[in-house]
Amino acid sequence: MSTSTDNIARLVQGEYKYGFVTDIEMDSAPPGLNESTIRLISAKKKEPEWLLNWRLDAYRHWLNMCLPQWAKVHYPPISFQEIIYYSAPQKRNDGPKSLTEIDPKLLETYEKLGIPLRERERLAGVAVDAVFDSVSVGTTFREELAKKGILFCSFSDAVRDYPDLVRRYLGTVVPPSDNFYAALNAAVFSDGSFCYIPKGVRCPMELSTYFRINTGKSGQFERTLLIADDGASVSYLEGCTAPMRDENQLHAAVVELIALNDAQIKYSTVQNWYPGDEEGKGGIYNFVTKRGHCRGRNSKISWTQVETGSAITWKYPGCVLQGDNSVGEFYSVAVTNHFQQADTGTKMIHLGKNTHSTIVSKGIAAGHGQNTYRGLVKVMPGASHARNFSQCDSLLIGDQCGAHTFPYIEVKNTTAQVEHEASTSKIGEDQIFYCNQRGISTQDAVSMIVNGFCKEVFRELPMEFAVEAQKLLGISLEGSVG
Amino acid sequence: MTEPILKIRGLKAGVVDRSILNGIDLTIFPGETHALMGPNGSGKSTLAAVLAGREGYEVTDGEVWYAGKNLLELDPEDRAKEGLFLAFQYPVEIPGVNSTYFLKAAYNELRKYRGEPELDAADFLNFVKARVKLLELDESLLRRPVNEGFSGGEKKRNEIFQMAVLEPKLAILDETDSGLDIDALKIVANGVCKLRNAHNAQLVITHYQRLLNYIVPDRVHVLSEGRIVQSGDKELAMELEERGYDWLTKEAATA
């Protein structure tokens, strides 16, 4: 019960605890976006010409694209010329050579966030790449991983050190022309994480990236590229926080996963961007494109996400199941409270034979929150004996919120089996009374019922993340009942 | 003189547009088991709900004293923490919430309320396992989500199991025997009997005399149209089994 007691204490306080701002000198580009902004970013990062041209192509494409209008979210138009597209902690000389050279204030920030960035915390056993505003500030365990041939570093370092790998895979899962925000990201992305697991290697520890937006009016556009070569496997964690600000900030990331023959990738996210205040002011716009490509036979990509933050969430981590017998999974908990809006789900594209996919989505809406599941299951003509199972459950708390489910199913092969189950429930008064009659308060009862509702998803999270996710859920639903 | 555990005086209650309880008087002392019988719709379950503090019922008159406290002024969870336990007629399912976790939460709420230190998971598990043995219950119940996928009998047994863990001062058993086969009935009744002592009391609500063969009551009351129309000892229950309720309800109507 002690965890539950802690939960109550946190429920009572309940405010966004990552809302602090780190006072640190930043090297920022002026607001606005044009070709010279992109040249500036590319020059700051000393990028090769092919990458600059790739960015410029993406930018020119973006200029002709329209904002996606189909999502069930509402927000005032974003002024793309007022955003700062590059913001980096100012470097003392030529950038940190090792973790000991990183600005202590940054380390302090990450410590506040509970990220074991320093080597002395090696016992935590998680290799971390930390991205602060636009740039990656430090990667732990890099050398130890290198002994196994695992490459784990910031995207910029990867461009410099492993240009062939980057060039071979970049944009092959999410092409720059994929959608409006993916194109914008391709044009202006400033850093991110890169990971390559060589043939037959099982990554011995969880790899992790923590993203933090610090500077006001800045956007964060990071890019993650993760490749598991034949027979490799890796579990990857991603966490996100931001300071509390009145204005809305844009986060438009791209994540590309590639699994070759017999490779397995597990990608877990606990997204806790600042959600805005109780009146719906401020908060992050989280417009993210995440996609995994099961390129090889018997490969498997599994997405697990717990989305409690952001004013608006727009993301559909999906899998393209190209290799025969490949497997795609999507486990999601999305919470919207106060005035948060989420339009999230997945895409499972079955191309190969005997490909399987599983979707388990749990949406929780409280306050005035609007929670939408949007998912596509597509079985192409060549995908004989493809199977999908989808389960979409919504839980409503109160009578001002909304839950919506939009499943799209396209089947072009007669041997395919597709199942979709959906349910919508309210936390019942009889459930609450049952708990009350056993001495459990209404607030605790709700927390308990919600955690029970999400159990199938939490089970998929790595241990430490599961605990964090449960606590987050309690905090985000604070004050939603009674 | 011993203080009663429960003292109900002139209790009238109902739902929005309908009166269901029309003046109940009932006193229960420590160490006593009372049976409340009566035909369908006579108000038995309503009385249980009002005592437990369920929303949707309005008390229009009368008073209820529980262990010296004005029961009607307490929140449902505080009534529970004061040792009032309701074994539900229809226990609800709480999907995904582990039974042991749920019980531990409930048990520690009680301990906190009494100013006792909470039990950690390991100590609680040892304590619970001992209780399971006492009641001859299946230990696998502990690992399953609260009532989810339980058969009707399992749900009822689980209620008694929770009662065994929480050790209430006053246990109200709302038709715990309905839907039980004879073996399950014996197990449940046996559990209840083992938990009886000089300091606690039970109010057993039932349709049938059968349960009272196993849980022998000190007093039997017959409820009809929201009033107790007859009280007696266990022989009354036998008589009801033979003659039905008609003669009593008619008597009450002509009286």
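Which residue is the bridge partner of B:Trp65 in E5(B)? In this predicted model, the partner is B:Asn70. Before going further, a word on conventions: residues are numbered from 1 along each chain as its sequence is written, and chains are lettered from A and ligands numbered from 1 in the order in which they are written. Because the model is predicted, local features need pLDDT of at least 70 and side-chain atom pairs count only at pLDDT 80 or more, while totals for chains, interfaces and linings use all residues; side-chain values use heavy atoms, with hydrogens and water left out.

Let us stay with that bridge. Strand E4 (residues 58-66) of chain B and E5(B) pair in the antiparallel sense over 2 bridges; helices (H or I, at least four residues) and strands (E, at least two) are DSSP runs, numbered from the N terminus, and two strands pair if DSSP finds at least two bridges between them. Both belong to an open, antiparallel sheet of 4 strands in chain B, ordered E2-E1-E4-E5. Strand E2 (18-28) and strand E5 (69-70) of chain B each have a single partner strand, so one side of each lacks a neighbour in the sheet. Helix H1 (residues 44-52) of chain B packs on this sheet, touching strand E1 (6-15), E2 and E4 of chain B, and its direction makes about 105° with that of E1(B). Such angles run from 0 to 180 degrees between N-to-C directions, with axes fitted to C-alpha atoms, for helices over the stretch in contact.

Chain B also has an open sheet of 6 strands with mixed pairing, in the order E6-E7-E8-E3-E9-E10. At its edges are E6 and strand E10 (227-232) of chain B, each pairing on one side only. The twist averages 20° from one strand to the next. Within this sheet, strand E3 (residues 33-37) and strand E8 (residues 201-205) of chain B pair in the parallel sense over 4 bridges, and B:Leu36 stands opposite B:Ile205 in E8(B).

Now turn to the partner chain. Here 34 residues of chain B are in contact with 23 residues of chain A, contact meaning heavy atoms within 4.5 Å. The two chains bury about 2,400 Å² between them, 63% of it on carbon and sulfur atoms; this is the accessible area (1.4 Å probe) lost on being put together, summed over both. The count between the chains is 1 salt bridge (a side-chain nitrogen of Lys or Arg within 4 Å of a carboxyl oxygen of Asp or Glu). B:Glu159 forms a salt bridge with A:Arg438, the closest N and O atoms being 2.6 Å apart.
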